[in-house]
Amino acid sequence: MSKTITIEPVTRIEGHAKISIMLDDSGRVVDSRFHVTEFRGFEKFCVGRSFWEMPGITARICGICPVSHLMASSKAGDMILGVRTPAPAVALRRLMNYAQLVQSHALSFFLLSGPDLILGMDADPLQRNMAGLIAANPDLARAGIRMRAFGQQLIRMLGDRSVHPSWAVPGGVRKSLGSDQRDQVLKQLPEMHATINIALDLMKDIHDSFSTEIDAYGEFPSLFMGLVGEDGGLEHYDGKLRVIDAEGKILEDGAAPEDYQRLIAEGEQKWSYLKFPYYRPLGPEQGMYRVGPLARLNVCDFAGTPKADRELRQFRHYGGQGKPVSGSFYYHHARLIEILHALERIEEILGDDILIDHHIRSQAGVNQNIGIGISEAPRGTLFHHYRVDDNGILEDVNLIIATGQNNLAMNRTVRQLAERFIRGDKLDQGLLNRVEHGIRVYDPCLSCSTHEAGRMPLQVQLFSARGELLDEVKRC
Amino acid sequence: MPVITLTIDEELVSARAGQSILEACRDHEIKIPTLCHLDGLSARGGCRLCLVAVAGSPRLLPACTTAVQENMVVTTSNEKIERYRRMILELTFAERNHTCAVCVSNENCELQTLAAELGMDHVRYDYLNPDLPLDTSHERYGVDHNRCLLCLRCVRVCDEVEGAHTWDVKGRGIKSQVITDLNRPWGASESCTECGKCVEVCPTGALFTKGSAVAEMKKEASFLRRILDGREKRQWRR
Ligand code: SF4
Ligand code: SF4
Ligand code: FES
């Protein structure tokens with residue numbers, strides 16, 4: 001008799017999820033599905049509005065990474081204006097984007113995944129949470145909270161608010177950074193460096209304590225995609241798309257934003273509101289790719305800042321001989337290296353005289369009807385694609401969101417964990433915890449990656465081949 | 001002008017004959033919320049937010065269009081009046097799609113400010129969610145009918161002050177909509193002089209300067225007094 005297990009809802013991820021695991025007659029896992037039951041209609045209800053409003057509207061898609069939408073949307077707007085965005089504005093946008101990377105990754109590592117990583121997967125669920133982490137390691141929890149606050153504060157300085165700022169606009173940004181604000185940020189950097197160093201050391205211990213199961217959290221060959229700079233370096237704001245295969249071979253390089261549809265196709269499944277993007281030339285099976293911190297470190301030639309480059313060289317050992325790192329558990333480590341890189345870049349930008357220049361916003365009307373903006377959100381490559389009429393009214397909107405692109409990989413990871421940890425036809429806490437964590441390594445923010453509205457929390461259901469519900473575990 | 005005496009909120013006050021209750025109140029620093037009224041434009045009595053109780057009248061009356069009378073007894077605020085005002089605001093919000101959070105006038109909007117001041121913290125009516133368009137065909141300005149509350153300040157300022165009479169109203173009741181040049185796109189208007197007066201007097205984000213981002217429109221209707229003083233009293237000041 002075959003069975004299906006469903007897990008719902010996954011706590012400590014942003015959004016709403018349910019997991020089904022199907023067993024065959026011999027009790028082996030034959031399939032698993034990570035359903036997203038949330039549905040938000042941004043692409044539809046933006047039609048008829050003006051592209052000028054889009055940074056403000058799309059920033060509302062996500063309370064965790066509003067800045068990423070701000071970046072992609074204002075860049076799409078830049079393209080519609082068709083004029084050059086002033087260099088100081090670009091520097092300021094980069095600054096906010098790095099601040100966003102720091103705050104989002106700090107949230108993911110210290111606060112969302114921290115309890116699993118520090119307290120262990122078999123810890124009592126009543127303890128395996130933020131409060132448990134604070135009890136077990138108050139210094140670390142505090143440092144993590146302060147790091148997140150650091151990022152949020154920089155975003156607030158620029159955008160007047162940390163959540164949903166409407167600061168980047170087509171053509172530039174609305175406000176620059178004052179010199180006393182700059183000094184205030186610079187003063188905090190040493191503490192942030194100290195925190196990230198502690199976290200990087202801790203990562204080594206975590207790898208030791210997880211050594212027997214690291215390879216169950218999404219260790220498989222796949223493609224990787226991300227932006228790289230003109231020089232091939234790690235890039236988060238601009239640059240060109242690069243796709244590599246599981247051997248590290250470059251399949252696609254220097255692809256401009258306009259080319260993204262040649263690279264990516266979006267599949268759909270009846271059982272999830274998430275789309276299933278894949279690399280078009282290879283089809284839905286072979287074309288599975290991962291995005292986000294792990295992918296970015298895999299596709300770039302170097303980080304471009306000294307400390308991050310040192311860490312990156314060590315990180316590459318996980319992949320071995322010119323190969324990309326293929327285990328999704330290493331997303332955690334990749335996040336820390338990106339924080340370090342972002343801190344170095346923030347310091348660089350703050351020291352740049354360009355910030356004094358008052359030209360931060362180019363004025364123009366609609367000069368092109370298509371706008372495509374791509375940037376690297378903390379969770380991966382984010383695409384905003386608009387078609388407007390000559391008055392700037394949106395006729396078509398397509399958003400491809402990071403979490404959606406990791407959808408195939410998340411499904412694969414759940415299946416791998418189920419195969420490894422399912423014992424008999426019962427669901428136990430150990431499995432539940434690991435499946436949750438398997439999703440959490442991708443730091444998915446489901447609210448923004450589904451394309452219409454609802455609520456969060458995880459449910460796991462176990463089904464037989466005949467579709468009978470055998471067991472069910474819920475956690476709110 | 002003959003002076004008359006009336007009672008407002010249990011105070012004996014004097015006013016000039018022909019003044020509206022609203023004007024008399026403002027002369028005595030008694031606050032009454034208004035939305036369609038704008039100092040310098042003709043009175044319209046459309047929004048009903050300025051409702052007051054007048055002894056002897058079974059219904060509440062709009063202060064902006066009701067003239068003062070000798071021995072009138074006016075109450076500008078009580079439980080019923082406050083409730084009605086909140087209800088009017090709720091209906092205004094329910095009629096269109098204001099979505100303050102992403103509006104160009106967020107934090108600088110008369111409607112939003114009034115809602116906060118009068119304690120309208122939720123809307124009990126079903127939203128109509130009409131599917132209304134945005135007209136951004138004008139070189140410099142845009143109109144978002146979703147945020148229009150039909151105060152007709154734009155119609156009046158364009159006609160009475162600018163003299164262009166670009167704006168009008170089409171339709172009836174909740175189907176009403178402000179239009180430019182007999183319902184042509186604003187950008188195709190031949191009468192509009194691009195002076196921007198309508199944008200400045202619009203109390204919400206319905207009329208805006210193109211290219212404005214969320215919360216970026218800050219309107220200043222006081223220019224109107226300056227222009228009118230210059231015109232009528234030959235007083236020019238900044
Ligand atoms: S810009 Fe001036 S002329 Fe044109 S519609 Fe507005 S008030 Fe009338
Ligand atoms: S566009 Fe503005 S000024 Fe004109 S009627 Fe509507 S709300 Fe009033
Ligand atoms: S202000 Fe009196 S009815 Fe609008």
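How many salt bridges are there between chain A and chain B? The count is 4 salt bridges, a salt bridge being a side-chain nitrogen of Lys or Arg within 4 Å of a carboxyl oxygen of Asp or Glu. This is a predicted model, in which local features need pLDDT of at least 70 and side-chain atom pairs count only at pLDDT 80 or more, while totals for chains, interfaces and linings use all residues. Residues are numbered from 1 along each chain as its sequence is written, chains are lettered from A in the order in which they are written, and side-chain values use heavy atoms, with hydrogens and water left out.

**Interface of chain A and chain B**

- Chain A gives 15 residues to the contact and chain B gives 15 residues, where contact means heavy atoms within 4.5 Å.
- About 1300 Å² is buried between chain A and chain B, with 46% of that area from carbon and sulfur atoms; buried area is the accessible area (1.4 Å probe) that two parts lose on being put together, summed over both.
- On the chain A side, the most area is lost to chain B by Arg49(A), Trp52(A) and Asn391(A), together 36% of what that side buries.
- One salt bridge joins the side chains of Arg174(A) and Glu216(B), at 3.6 Å from N to O.

**Nonpolar cores**

- The largest nonpolar core has 125 residues; such a core is a set of buried Ala, Val, Leu, Ile, Met, Phe, Trp, Tyr and Cys residues joined through side-chain atoms within 4.5 Å, and buried means under 20% relative accessible area (1.4 Å probe, protein chains only).
- Helix 4 of chain A (residues 87–119) supplies the largest share of this core, 16 residues; helices are DSSP runs of H or I with at least four residues, strands are E runs of at least two, and both are numbered from the N terminus.
- Leu343(A) is among the residues that touch the most other members of the core.
- Beyond its neighbours within four places in sequence, Leu343(A) has contacts that include Val102(A), Met147(A) and Phe150(A).
- Another core, of 29 residues, lies apart and includes Tyr141(B), Cys158(B), Cys198(B) and Phe223(B).

**Positive phi in chain B**

- Most residues other than glycine have a negative phi.
- Asp181(B), not a glycine, has a positive phi of about 40 degrees; Asp181(B) sits in the loop between strand 9 (177–180) and helix 5 (197–201) and is buried, with a relative accessible area of 13%.
- Ala215(B) has a positive phi near 65 degrees; the loop that holds Ala215(B) runs between strand 10 (207–209) and helix 6 (223–233) of chain B, and Ala215(B) is buried at a relative accessible area of 13%.

How values were computed
Buried means under 20% relative accessible area, exposed over 50%, partly exposed in between (1.4 Å probe, protein chains only).
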